[in-house]
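Subject: Structure handover

Hi,

Here is the structure I promised you. Please open it first, then read my notes below.

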Amino acid sequence: MKKATIKRILAGACALAVAVLLPLTTSAAERSYSYIYDYWGDVQDAPNAYTCSKVFTSSELGLDVKLKSPQGLTVVGNKIYICDTGNNRIIELNRPTPQVLEVERIIDSFKGADNNTFASPSDIQVSEDGNFFIADTGNARILKLDKDLNYIMEFTKPNDNTLDPALVFQPTKISVDSAERVYCVASGINKGLVKYEDDGTFAGFVGATPVTYNWTDYIWKKFATQEQRALMQNFVPTQYDNLYMDHEGFIYAVTGSGDSLDIKNGSVDVVRKLNLMGSDILVRNGEWPIIGDLYMGNGGGYEGASYFTDVTCFDNDIYVCLDKNRGRLFAYDDQGNMVIAFGGNGNMDGYFRRPVAIDHMDYDLFVLDELDCAITLFTTTEFGQQIYEAIDQFDKGFYEESEQSWRQVMALDGNYDLAYIGIGRALLRQKDYKGAMEYFELKYDAENYSKAYKQYRKQWVEEHIVQIVIVILAIFLIPLSIDKYKKIKWEIEKAELDELKRNGG
Amino acid sequence: MLQVVLQKEKRNKYLDSLKFALYCMSHPLDGFWDLTHEKRGTMAAANTILIATVLIRVLKLRYTSFVIETVYWEDLNIFLYIASILFPLALWVIGNWGLTTLFDGKGRLGQVYMATCYGLTPYPLIQLPLMIFSNYVTVDEREFYSVLSGISLVFAALLIVTAMGQIHEFSFGKNILFTIFTLFAMLVMIFILMIFFSMISQGVAYFISLGKEFLFRL
């Protein structure tokens with residue numbers, strides 16, 4: 001008897017403890033590692049499309065001298081190049097198996113020039129012919145070396161009279177096209193990318209960002225005196241932070257140094273896709289601007305807009321931007337829809353302290369962290385693979401397969417907007433307009449819905465043309481015939497009346 | 001027997017007055033004059049038009065195509081949404097009456113309300129078909145919708161202004177002047193209400209904190 005009451009009390013206490021603790025644990029649930037922004041701009045937790053599968057530190061790589069504030073990371077084929085900026089060297093890594101990186105060679109000097117060492121090299125690129133292009137920032141030059149590290153030539157400060165003669169040329173990021181023309185981001189030059197011909201001549205500036213200013217500043221400046229104006233900030237184009245040349249030769253250029261408000265209201269584009277003429281051809285059809293995080297409030301000590309410090313683009317035109325501010329990666333598709341956002345600042349694997357560079361090998365992502373001096377390898381999960389598969393199948397024209405893949409994505413994450421729109425687009429191509437409309441409507445995709453609806457409406461009219469004609473005819477003919485009938489009736493009556501009158505008269 | 005006849009009479013009067021709203025739409029000057037001076041309008045009809053307006057506005061949320069407008073249901077407070085029509089309407093009626101009585105306007109408070117409600121007629125009449133039409137529209141054809149929707153609002157606004165002039169027996173210029181004054185009066189009322197509420201809440205907060213302090217010391 002007594003035992004039973006104790007038991008009951010204990011059970012009650014347990015139940016109470018559970019009841020008290022459960023809501024606490026659920027409400028304290030952290031935001032998931034990966035997320036997307038839905039139509040309304042709300043954060044929707046998503047399954048991981050990428051997981052951190054390994055972090056390579058200096059000791060992991062077997063380096064005697066530890067990496068020191070590395071700035072550049074480039075993937076070429078199966079090789080990975082790291083610019084170990086603080087140690088004035090470049091490290092070439094090899095990837096024999098997916099989870100292993102081996103040091104192949106350490107490049108700290110080259111042959112055939114007087115000054116044959118690097119000073120703070122911050123970027124390296126390899127052309128299709130296998131020549132190395134190295135942004136030798138501290139020596140104010142971009143080096144061109146052949147694959148055996150023999151000096152070929154160098155690109156120096158552009159000979160342009162709009163540039164301040166006192167400006168020290170500091171190339172930080174470079175890109176090389178198939179004809180070995182060099183595009184370069186240099187600190188202190190905000191006229192766009194510096195473009196060199198393959199023979200080293202300066203070919204002009206490409207793709208300067210349009211100057212933005214707000215009206216209050218402008219009016220304020222009008223009233224200011226000369227001295228005050230000199231102290232004010234100038235309206236200048238923002239400088240690019242990094243660039244990446246995709247497989248088609250278009251340059252993705254990112255900048256983070258815009259005012260947060262300007263970025264939010266869209267007057268500064270932080271990602272641009274430049275064609276040969278230097279004009280921006282990035283497609284921005286997404287519901288939200290391509291600015292990384294939409295919410296810029298102060299959270300966890302980080303505030304302001306996402307600061308894109310590097311970008312890389314897969315062969316399926318999905319590009320991944322790296323945010324230095326909150327340590328996140330944002331993947332966008334070719335239409336400008338957010339595919340996934342993940343990451344964060346912290347000390348665990350998969351989190352960063354100050355990420356600086358990103359590149360990809362197939363669909364694997366390598367991220368270089370300047371403070372951690374480590375490379376983080378991200379590999380796709382089933383969810384991520386399924387998304388890429390669906391997109392690839394759609395691009396190749398396998399619409400039914402693409403639909404099936406999107407359905408599997410949807411089964412993994414029912415809140416994933418792109419899955420619905422993907423199914424809709426696949427159905428649209430399969431001429432199932434009604435079905436496509438349903439999926440577009442679920443995720444408020446008015447543009448695509450209209451495309452499907454236009455076809456559906458056309459089809460409907462073609463099928464029901466007979467009924468439509470009958471109804472239209474009826475609408476016109478019935479009142480007409482009633483009128484006619486009344487008129488005839490009235491005439492007959494009138495004639496009868498006249499007859500009567502005549503007879504009577 | 002008499003009661004039945006009277007009831008029928010009443011219903012006919014109601015239906016007539018409701019139908020008269022259509023006449024007011026097509027002949028505003030004549031219609032709104034007769035509305036009060038010939039007693040052609042009824043309160044019941046005015047209420048009906050107002051309810052129809054509110055109802056259409058609420059229905060629009062759900063049945064307008066998402067191509068035209070999308071609703072974030074999580075943030076929607078239906079009572080606040082309804083109040084967003086009724087509150088300005090009340091301000092307008094009270095403000096207009098309050099001002100015009102001081103400057104020999106002939107309309108009484110009830111008449112101002114009735115005429116304003118009659119002036120709203122185009123809104124439900126145009127918005128209901130438009131709501132259905134919106135479901136057969138693509139993004140390229142959105143402009144048709146917005147133009148028609150705009151017409152319904154402008155039409156209603158013009159009718160209300162005309163109605164005020166007619167029931168107060170104002171000249172055109174005076175009517176326009178008092179329309180502007182009424183809008184201004186609405187702003188003043190909102191301002192006073194805001195001050196009032198913030199005072200009240202501060203007063204309440206004071207007594208609450210006083211009570212809390214008292215309990216702590218106890």
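How much area is buried between chain B and chain A? About 1200 Å², and carbon and sulfur atoms give 60% of that area. Buried area is the accessible area (1.4 Å probe) that two parts lose on being put together, summed over both.

Some ground rules. This is a predicted model, where local features need pLDDT of at least 70, side-chain atom pairs count only at pLDDT 80 or more, and totals for chains, interfaces and linings use all residues. Residues are numbered from 1 along each chain as its sequence is written, chains are lettered from A and ligands numbered from 1 in the order in which they are written, and side-chain values use heavy atoms, with hydrogens and water left out.

Back to the interface. There, 12 residues of chain B are in contact (heavy atoms within 4.5 Å) with 14 residues of chain A. Two salt bridges are counted between chain B and chain A. A salt bridge puts a side-chain nitrogen of Lys or Arg within 4 Å of a carboxyl oxygen of Asp or Glu. K454(A) and D140(B) form a salt bridge through their side chains, at 2.6 Å from N to O.

Over all chains, the rule gives 22 salt bridges. One joins the side chains of K79(A) and E104(A), at 3.7 Å from N to O. This pair links distant parts of the chain, 25 residues apart: K79(A) is in strand β5 (residues 79–84) and E104(A) in strand β7 (residues 102–107), both of chain A. Strands (E, at least two residues) and helices (H or I, at least four) are DSSP runs, numbered from the N terminus.

Last, two helices. Residues W460(A), V461(A), E462(A) and E463(A) of α10(A) meet I465(A), Q467(A) and I468(A) of α11(A).

Best wishes
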